[in-house]
Amino acid sequence: MTTIDCVIIGAGHSGLAASYFLQQSGIEHIVLERGEIAHSWKNERWDSMCLLTPNHQARLPGFGYSGDDPDGYLTVAETVKFIEEYAQFIAAPVLCDREVVSVDSTPLGFSIATNNNEYATPALVVASGACNRPSFPPCAEKLPESMPSFHPLEYRNPGQLPWGKVLVVGASATGVQLAHEIHASGRPVILSVAEHVRLPRIYRGRDILWWMETVGILDERYDEIDDLVRARSIPSPQLMGTSERRSIDLNSLSDMGVQIRGQLMDIRGNEILFSGSLKNHCELADLKMNRLLKTIDEWISEQGLDVEFDEPERFSGTRVEEKSPLTLDLQKEDIQSVVWATGFAPDYRWLKLPVLDRKGRIRHEAGVAAWPGLYVLGATFLTRRKSTYIHGAEDDAREVCEHLVAYLRKRSAA
Amino acid sequence: MTDATVDNGVNVGALLDAREALTGAPEAGKFTWEASCKWIKGTHSRSTCQAFYGLGEKQSHKQEFTFESDHPEVLAAEDNGATPVELVLVGLASCLTAGVAAVAQRRDIQLRSVKSTLKGSMDLAGILGIDSDIRNGFDGIDVHFEIDADASPEDIRALVAQSQKRSAVFDIVTNPTQVSVEVN
């Protein structure tokens with residue numbers, strides 16, 4: 001049993017950012033990593049994935065993108081390299097191949113058992129990731145067993161799928177990107193769409209995420225916004241990172257021949273049932289996109305910068321088939337596989353503390369969990385809207401570590 | 001939080017309090033709604049609503065509400081009330097309208113008038129068993145809102161969109177629901 005002031009679980013970008021701030025405060029700590037640095041990025045992402053954020057937003061505390069393509073998007077391999085270089089740059093005390101099997105509370109704080117060692121610590125930062133487990137709608141289990149199905153955690157490229165038609169469920173960043181590449185591979189895609197976030201890649205000459213950062217939207221704090229529960233459950237925006245900086249949305253997918261259907265609501269035998277609310281889901285997404293563009297336009301005018309940027313633009317509304325079919329017979333339509341782009345969940349099965357909410361997430365306020373000495377990083381909208389993105393880790397980790405350091409000082413003074 | 005000058009007659013404060021309270025006590029949020037129906041004659045029936053269950057106990061409307069339903073004379077009936085499918089349209093209209101008022105209150109938008117017309121189209125070849133490929137129910141519902149309010153056309157569209165998103169009846173008619181029918 002090793003005793004140490006603080007343990008961080010997970011050597012991804014969030015855990016490493018925390019390590020940076022703990023080092024700055026002179027807190028002795030280790031980072032336990034189940035596999036290797038940037039493990040999920042390396043092993044649990046599809047081949048063509050790129051970051052949603054442009055390279056100039058690839059930043060971690062004290063470190064930033066230094067390549068020659070600030071407007072490009074890091075590929076998964078480049079992201080892994082970026083995180084590995086960061087770990088080296090800050091000389092993070094990472095212990096690889098230490099898979100945490102349980103965390104229990106003790107009078108000291110926590111006891112952590114890994115596959116080959118035990119640790120005791122008064123302060124624990126959980127940065128094990130938000131995307132460890134697949135998340136499915138309840139009716140997914142009714143899919144006929146003979147139907148091959150894939151979740152993005154195991155999907156790598158279209159070549160894995162049988163030849164023929166594919167039903168892709170979900171239209172977040174993941175769903176639209178996979179629908180795009182699967183359809184382009186010659187496997188016709190039917191895409192089931194629930195509530196989604198539509199964004200143009202480029203607006204008035206700049207990347208939309210540059211705008212969202214510049215006008216302050218990505219910096220909105222968790223305690224400033226109206227409905228945090230909702231903000232934390234918003235699907236990722238329909239964006240992809242390509243060298244042409246192309247937009248992707250339901251219109252562009254329809255143009256290439258993808259068939260758009262409503263939210264998948266149930267499966268009865270071989271029949272898939274879709275919601276009749278597709279039109280409203282698209283209307284909501286269009287309205288929200290236009291509200292964002294208006295906010296950007298207003299900011300530009302207030303700053304007197306209209307001449308600096310391209311003209312304002314409005315994009316055509318999402319086209320929805322007037323009588324889009326509400327059912328799909330898997331056999332009659334000859335569907336050969338299903339891809340469930342229906343989200344991810346964290347995996348805290350090893351955390352033996354009563355801190356999880358009914359959805360299995362750690363209850364916390366700005367990363368400070370509802371248990372003394374326990375902290376969480378890497379969750380959606382942890383302290384700010386940008387928490388989801390790589391550059392969001394800096395402010396999250398700084399605030400969490402400030403609280404943690406104060407907690408340890410108070411504790412040792414007592 | 002809410003602009004005191006905007007009054008659509010919706011107690012948004014109470015609704016937000018309820019949301020807060022029900023987040024902490026999910027059992028209290030489980031409601032059961034009831035209707036009782038009695039056959040009169042032919043296609044004429046009379047339904048009533050009074051009791052319901054919620055907040056962990058039996059509840060009751062202030063009075064019993066009665067609904068007559070029948071078919072029109074062109075369908076060889078006596079036309080003692082709206083058809084059942086029209087009552088579905090009534091339910092959808094009322095639910096969306098209530099939602100518009102609540103969302104408008106929440107967004108500080110004063111409503112002056114909210115009117116809607118609903119059209120549900122249907123091919124009787126379905127219910128009459130003429131063609132088994134044609135469904136019994138509506139093949140589509142068109143809703144048209146006319147809203148006069150202190151807001152931009154875009155904000156008014158957003159009101160109506162949000163009201164659909166939060167509407168129980170919109171969900172009931174757009175999504176499948178398990179229905180279990182027993183006798184005696």
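Predicted model: local features only at pLDDT ≥ 70, side-chain atom pairs only at ≥ 80, totals over all residues.
Along the principal axes, the C-alpha atoms of chain A fill a box of roughly 70 × 60 × 40 Å, and the secondary structure comprises 9 helices and 25 strands. Buried residues account for 46% of the 414 residues of chain A. Of the contacts in chain A with a separation of 6 or more, 70% are between residues 24 or more positions apart.

For chain B, the assignment gives 4 helices and 6 strands, which follow one another along the sequence in the pattern α-β-β-β-β-α-β-β-α-α. The box filled by the C-alpha atoms of chain B, again taken along the principal axes, is roughly 55 × 40 × 30 Å. Of the 184 residues of chain B, 15% count as buried, and 50% of the contacts between residues at least 6 apart in sequence join residues at least 24 apart.

The two chains meet through 11 residues of chain B, which are in contact with 12 residues of chain A. On the side of chain B that touches chain A, helix H3 (153–165) and helix H4 (168–174) of chain B each supply at least two residues, and the largest share, 6 residues, comes from H3(B). By residue class, this side of chain B is divided into 4 nonpolar, 4 polar and 3 charged residues.

Within chain A, helix H3 (residues 76–89) has 14 residues and spans 20 Å from its first C-alpha to its last, close to the 20 Å expected at 1.5 Å a residue. The buried residues of H3(A) are Thr79(A), Val80(A), Phe82(A), Ile83(A), Tyr86(A) and Ala87(A); seen down the helix axis, these buried residues fall within an arc of 160°, and they therefore line one face of H3(A). In an α-helix there are 3.6 residues a turn, so residues three or four places apart point the same way. The elements of chain A that cover the buried residues of H3(A) include helix H1 (13–24) and helix H2 (39–43), together with strand S4 (59–60), strand S5 (63–64) and strand S6 (94–95). After H3(A) comes Ala91(A), whose phi is positive, near 50°.

An open sheet of 5 strands in chain A has the order S12-S21-S13-S14-S17, with parallel pairing. Strand S12 (149–150) and strand S17 (259–261) of chain A stand at the edges of this sheet and have a single partner strand each, so that one side of each is left without a neighbour in the sheet. The parallel strands S12(A) and S21 (residues 335–340) of chain A are joined by 2 bridges, and Val338(A) in S21(A) is the bridge partner of Ser149(A).

Strand S13 (residues 165–169) of chain A includes Lys165(A), which is buried because 20 other C-beta atoms lie within 10 Å, the cut-off for burial being 20 or more. When residues up to four places away in sequence are not counted, Lys165(A) touches Arg187(A), Pro188(A), Ile190(A), Glu333(A), Asp334(A), Ile335(A) and Gln336(A). The C-alpha atoms of Lys165(A) and Gly186(A) are 8.8 Å apart in space, whereas the two residues are 21 residues apart in sequence.

Key: Residues numbered from 1 in each chain as written. Chains lettered and ligands numbered in written order. Expected span 1.5 Å × (residues − 1). Buried ≥ 20, exposed ≤ 12 C-beta atoms within 10 Å, placed from the backbone. Arc of directions from axis to C-beta. Contact = placed C-beta atoms within 7 Å. Nonpolar A, V, L, I, M, F, W, Y, C, P; charged D, E, K, R; others polar. Pairing = 2+ DSSP bridges.
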